[in-house]
Amino acid sequence: MMRKLYFFIFIIPLLASCIQDAPQNPEADILTFAFPSDSVRIPTSQKDIYNTYIVSYPKEGVNLSSLANTPVLTVTPGATWKRIDKGMVNDTLFYIEVIAEDKSYSKIYAITQVAAFPDHFTFDTWVKYSPYYLYENPKDQSFQWFSSNNGAATAFGSSTKPASDYPVRKTSGLSGGFVVELQTMKGPGKVGGGIRYIPCLAGSLYLGGFNILNALRDPLTSTLFGAPFDRGKPLMLHGYYQYIRGEGPFITGTSEANYHEDYSREDQCDIYAILFETNNNMQFLDGNTVSQQSYWVAKAQIPNRSYTEGTDFQEFNVPFVYYKDFDWNKLISNRYKMAVVFTSATRGAYYEGRVGNRLIVDNVNITYEENNTGE
């Protein structure tokens with residue numbers, strides 16, 4: 001009997017030591033975030049939570065920075081958080097700092113707001129999106145542009161590749177600011193242990209989101225097109241661009257066995273905007289559905305997608321063509337989203353294109369008819 005007692009006396013401290021020595025969580029992320037439902041036009045989804053900021057959509061006349069509209073959020077297990085009020089800077093309402101359970105790391109999120117779809121996209125502001133890679137994406141007001149840089153970072157897997165070596169980057173603009181330059185590049189070939197073969201990477205930029213979990217296994221579903229649009233009935237897509245021919249080959253291939261280079265084959269760019277209706281089952285278009293007319297309410301697309309002549313920017317001003325009736329009630333109820341897309345290769349989603357082709361875009365805007373019905 002005494003032997004059994006000694007055994008338990010010995011084993012209990014060991015169990016206590018194992019529990020005490022369990023490693024604490026070093027992560028500090030916001031997992032879910034929600035303002036009171038009566039204060040926002042659109043609930044915050046996981047796609048609105050980015051690396052260092054969260055986008056919210058207040059109802060007209062609502063002050064989301066007020067303590068009366070304190071958000072409810074969940075963070076990484078074991079982490080704690082605190083609100084930091086610094087006064088509104090640009091579109092930032094306040095900040096939230098998340099502190100990891102082991103206290104070794106903290107992360108500050110800017111809680112931002114979007115009052116309405118921007119009148120004008122200038123591409124003058126660029127932000128480093130990932131904590132692990134050096135690429136940048138443009139940001140206009142609170143609207144974060146996504147790009148093929150997101151997938152390229154996963155494909156290249158290099159934390160030291162500079163932003164200028166990615167397919168989408170900033171360059172000097174029309175009026176002293178920046179413009180967006182999208183270039184078709186040779187890809188890394190086999191990636192992800194052979195999960196995917198990427199012979200070519202196009203420069204693509206769009207409004208929407210990015211599902212990193214599908215980036216290699218199902219890249220067409222990783223691009224999520226569309227941002228909330230509530231301004232009015234879209235009429236025209238306007239802006240300036242150049243499309244410059246590259247000196248490299250047109251690359252195709254789904255494996256090393258059928259990789260092919262063709263120096264005689266040309267390519268085309270594309271610039272378009274699509275108005276579409278959302279529902280409970282579909283909040284975004286993706287690489288499969290964005291090209292399907294059945295999902296479109298209206299679309300505006302540049303007619304000339306071949307190379308531009310000279311060194312001057314070409315102006316485009318193209319009308320929206322309607323495929324379904326526009327419904328003002330759906331606009332007011334936040335049922336519509338707008339996808340705006342630029343790409344240096346029309347087959348870029350399939351990893352095809354002419355290496356070196358560059359599409360440069362600046363000063364883009366959408367004109368629209370305002371609601372005069374009083375609804």
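**Strand β25 and its surroundings**

Strands β21 and β25 run antiparallel and are joined by 8 bridges.

Of its 375 residues, 49% count as buried. Among the contacts between residues at least 6 apart in sequence, 67% join residues at least 24 apart. The confidence of the prediction should be kept in mind as well: the pLDDT of the chain averages 87, and 90% of the residues score at least 70. Residues 4-18 require caution, for there the pLDDT stays under 50. In the model, this stretch has 0 contacts beyond four places in sequence.

Let us now return to β25, which covers residues 336-343. Which strands, besides β21, pair with it?

Because 8 of the 8 residues of β25 are buried, the strand is largely enclosed by the rest of the structure.

A residue in a loop provides another case to examine. N258 lies between β19 (250-252) and β20 (260-262), in the loop that links these strands. Its relative accessibility is 38%, and N258 therefore counts as partly exposed. When neighbours within four places in sequence are left aside, N258 is in contact with T252 and G253.

The empty spaces of the model may be considered next. Rolling a probe the size of a water molecule over the atoms shows where empty space is left. The second largest pocket has a volume of about 740 Å³. It is lined by 34 residues, of which S204, L220, F225, G348 and A349 are the closest to its centre. Strand β25 takes part in this lining: together with α2, β14, β15, β16, β21 and β22, it is among the elements that each supply at least two residues. Helix α2, which spans residues 148-156, gives the most to the lining, with 4 residues. By class, the lining of this pocket divides into 19 nonpolar, 11 polar and 4 charged residues.

The structure also holds 1 cavity of 30 Å³ or more. The volume of the largest cavity is about 30 Å³. Which residues line the largest cavity? They are R41, Y57, V114, A116, F117, F143, P228, F229 and D230. Of these lining residues, 7 are nonpolar and 2 are charged, with no polar residue present.

Terms used. Residues are numbered from 1 along each chain as its sequence is written. This is a predicted model: local features need pLDDT of at least 70, side-chain atom pairs count only at pLDDT 80 or more; totals for chains, interfaces and linings use all residues. Side-chain values use heavy atoms; hydrogens and water are left out. On a 1 Å grid over the protein atoms alone, a cavity is a set of points where a 1.4 Å probe fits but cannot get out, and a pocket is an open set with protein on both sides within 12 Å along at least five of seven lines; lining residues have an atom within 4 Å of a point. Grid points are joined across faces, edges and corners, and a volume is the space filled by probe spheres set on the points. Ala, Val, Leu, Ile, Met, Phe, Trp, Tyr, Cys and Pro count as nonpolar, Asp, Glu, Lys and Arg as charged, and the others, Gly among them, as polar. Buried means under 20% relative accessible area, exposed over 50%, partly exposed in between (1.4 Å probe, protein chains only). Two strands pair if DSSP finds at least two bridges between them. pLDDT is the predictor's confidence in each residue, from 0 to 100. Contact means heavy atoms within 4.5 Å.
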